[in-house]
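The notes follow the order in which I looked things up.

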Amino acid sequence: MAYDRRDRAIFGATSATTATHDVGLLVLRLVVGLTMAAHGTQKLFGWFDGPGFTATGKGFSMSGYPAGRAMAAIAGLSETLGGLGLALGFLTPLAGAALTGTFVNILAVRGLSTYFAPKGVELESVLFAAVIALTLTGPGRFSVDHLLPVLRESRPRYSVLGLVLGAVVGFVVLLIRD
């Protein structure tokens, strides 16, 4: 069955809809990605009034992780590089994997008994949902990934694989926690 241009406007995305979709993804990627990158630099370098590497390592040790300094480096790098990757739309499935593994551990350590502040996980839940959504939908046209044909052609497969990889690694890390 053939469709004319009016049918595409009704059933498909118009160029204006596509443009606003891509701008919306860009805004969401920048806010979520840069927020996560900033959290990572707080852990690694103490930027933005963060605890810094030594204090973060002690925090990981007190939370039951072996080799607190190594875990601080892994968490800080995962948040920083995953956040920057998400913000740029660069290797988005891998950025989503890094951040997914981080959020699995954040939610496990913080606990799910209280959702709202001051000890709740509502902010972490919203950020994690945004990471999952961006990983599944892809970064849009205004991204580095848009220039990489392999990521455009196999987006659903790589997106799901990235999230599964991040979840598996996140749960494996939880298993080594005391």
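At what angle do the axes of helix α5 and helix α8 cross, and within what distance do they come? Working from a predicted model, I found that the axes of α5 (residues 92–110) and α8 (residues 155–175) come within 7 Å and cross at roughly 30°. I noted the crossing of α5 past α8 as right-handed. On the α5 side I listed the contact residues as T92, P93, G96, A97, T100, G101, V104, N105 and A108, and on the α8 side the list includes R155, Y158, S159, G162, L163 and G166.

Next I turned to α6 and α8, whose axes lie 8 Å apart and pack at an angle of about 150°. Because angles over 145 degrees count as roughly antiparallel, I recorded α6 and α8 as such. From α6 the contact takes I132, T135, L136 and T137, and from α8 it takes R155, S159, V160 and L163; I counted four nonpolar, three polar and one charged among them.

Last, I looked at α2 (residues 15–45), which has 31 residues and reaches 43 Å from its first C-alpha to its last, close to the 45 Å expected. The buried residues of α2 include D22, R29 and K43, as well as L25, V32 and M36, and I noted that what covers the buried residues includes α3 (52–62), α4 (68–88), α5 and α6 (122–137). Just after α2, I found G46 with a positive phi of about 75°.

Methods:
Residues are numbered from 1 along each chain as its sequence is written. This is a predicted model: local features need pLDDT of at least 70, side-chain atom pairs count only at pLDDT 80 or more; totals for chains, interfaces and linings use all residues. Side-chain values use heavy atoms; hydrogens and water are left out. Axes are lines fitted to C-alpha atoms, for helices over the stretch in contact, and angles run from 0 to 180 degrees between N-to-C directions. Helices (H or I, at least four residues) and strands (E, at least two) are DSSP runs, numbered from the N terminus. A crossing is left-handed if the near helix is turned anticlockwise from the far one by less than a right angle, and right-handed if clockwise. Contact means heavy atoms within 4.5 Å. The expected span of a helix is 1.5 Å times one less than its number of residues. Buried means under 20% relative accessible area, exposed over 50%, partly exposed in between (1.4 Å probe, protein chains only). Angles under 35 degrees count as roughly parallel, over 145 as roughly antiparallel, 65 to 115 as roughly perpendicular and the rest as oblique. Ala, Val, Leu, Ile, Met, Phe, Trp, Tyr, Cys and Pro count as nonpolar, Asp, Glu, Lys and Arg as charged, and the others, Gly among them, as polar.
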